[in-house]
Amino acid sequence: MNKELKKKDFYYDLPEELIAQTPLEKRSNSKLMVLDRKKESIQHNYFFNLLDYLNEGDCLVINNTKVIPGRLYGQKSTGANIEILLLKEIDKYTWECLTKPAKRLKLGTEVVFSQDLKGEVVKDLEQGIKHIRFQYEGSFHNIIDIIGEMPLPPYIKEKLEEKNRYQTVYAKKTGSAAAPTAGLHFTDELLEKIKNKGIKIAYITLHVGLDTFRPVKVDNISEHKMHSEYYEIDRDNAELINSAKKRGNRVISVGTTSTRTLETIGKDTGYVESGYGWTDIFLYPGYKFKIVDGLITNFHLPESTLLMLVSAFATKDYIFKAYKEAIKEEYRFFSFGDAMFIY
């Protein structure tokens with residue numbers, strides 16, 4: 001891998017008004033930029049026409065993780081306000097959390113979130129991360145469904161009116177601290193049309209974790225360490241992917257999370273293996289993809305690991321040319337923004 005790439009190499013200027021603050025009324029009405037890696041062409045379309053670029057026998061791989069409404073607000077006994085973000089379940093009562101303000105949460109500090117939920121800091125880690133042991137009766141997830149907010153990124157200032165708009169229509173397995181946003185463009189109707197065209201859909205799970213919220217802090221990007229995230233794929237879905245490979249059809253990944261999972265479970269033989277585990281794979285220019293032939297993704301933050309991943313898939317110069325075009329054409333950027341299909 002190229003060890004000379006610097007964080008600043010992935011910076012670009014974005015007008016603030018192009019940061020999407022709210023989702024479109026209809027998910028699939030977003031713009032779709034289409035990139036052909038061989039021709040290095042750029043086409044403009046709409047997501048509801050995605051089917052025009054998919055072929056019978058292709059395998060679309062989607063991440064069925066479900067976002068936890070894991071932003072919780074509480075108070076210490078002193079009356080000080082505390083905000084936490086649930087990141088990872090350690091056991092039935094304990095979660096790894098991103099806390100704010102972290103300096104006010106020492107070991108043993110108790111926080112009251114509601115009459116049904118209290119917590120105590122039981123472990124102090126780095127960069128504002130703590131382990132909090134909760135006290136409650138009944139179902140933890142039922143409680144946070146009521147009191148929790150969706151963990152929208154800090155660049156979204158508008159209030160989200162409907163929680164399910166920061167959730168894919170196929171979200172099933174609870175555990176993410178953020179949405180796999182490339183999947184937000186799909187509707188049940190579009191997925192049905194995709195199946196009817198003879199395109200296979202394989203489901204994987206990767207619970208999105210801390211690195212969605214963490215910027216790259218090192219200058220030399222090869223020194224950046226990703227936090228580990230849980231993934232799983234069963235035998236049937238692995239076989240769908242492998243069958244497409246054997247037929248010579250394409251494996252098209254929906255989102256960077258699906259891509260990271262596929263490249264984690266992918267073997268040098270070009271096939272994937274079912275199983276579960278934790279991945280901290282970091283994909284940046286120089287990486288040779290083993291599994292993914294096509295990528296559906298959103299437009300990502302400057303200097304982010306996500307932008308580095310798509311630059312690895314389609315070359316940095318080509319991606320930056322496309323981003324410049326997207327800004328000129330006033331595409332909507334980031335989580336609730338428009339989409340790109342690279343093949």
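The following questions and answers concern a predicted model of one chain.

Me: Does V272 count as buried or exposed, and at what relative accessibility?
Reply: V272 is found in the loop between α4 (255-265) and β15 (275-279). A residue is buried when its relative accessible area is under 20%. V272 therefore counts as buried, at a relative accessibility of 8%.

Me: Which residues is V272 in contact with, leaving aside its neighbours within four places in sequence?
Reply: Contact here requires heavy atoms within 4.5 Å. With neighbours within four places in sequence left aside, the contacts of V272 are A238, I241, N242, L262, I265, G266 and I291.

Me: At what angle do helix α5 and helix α6 pack?
Reply: Helix α5 covers residues 305-314 and helix α6 covers residues 316-328. Their axes lie 7 Å apart, and the packing angle is about 115°.

Me: How do the residues of the contact of α5 with α6 divide into nonpolar, polar and charged?
Reply: From α5 the contact draws on L307, V310, S311 and A314, and from α6 on K316, Y318, I319, F320 and Y323. By class, these residues of the contact are seven nonpolar, one polar and one charged.

Me: What radius of gyration does the chain have, and what would a compact globule have?
Reply: The C-alpha atoms fill a box of roughly 60 × 40 × 40 Å along the principal axes. For 343 residues, a compact globule would have a radius of gyration near 20 Å, so the chain agrees with this, at 20 Å.

Me: What percentage of the residues in the chain is buried?
Reply: The chain contains six helices and 17 strands. Of its 343 residues, the buried share is 54%.

Technical notes
Residues are numbered from 1 along each chain as its sequence is written. This is a predicted model: local features need pLDDT of at least 70, side-chain atom pairs count only at pLDDT 80 or more; totals for chains, interfaces and linings use all residues. Side-chain values use heavy atoms; hydrogens and water are left out. Helices (H or I, at least four residues) and strands (E, at least two) are DSSP runs, numbered from the N terminus. Buried means under 20% relative accessible area, exposed over 50%, partly exposed in between (1.4 Å probe, protein chains only). Axes are lines fitted to C-alpha atoms, for helices over the stretch in contact, and angles run from 0 to 180 degrees between N-to-C directions. Ala, Val, Leu, Ile, Met, Phe, Trp, Tyr, Cys and Pro count as nonpolar, Asp, Glu, Lys and Arg as charged, and the others, Gly among them, as polar. The radius of gyration is taken over C-alpha atoms; the globule rule is 2.2 Å times the number of residues to the power 0.38.
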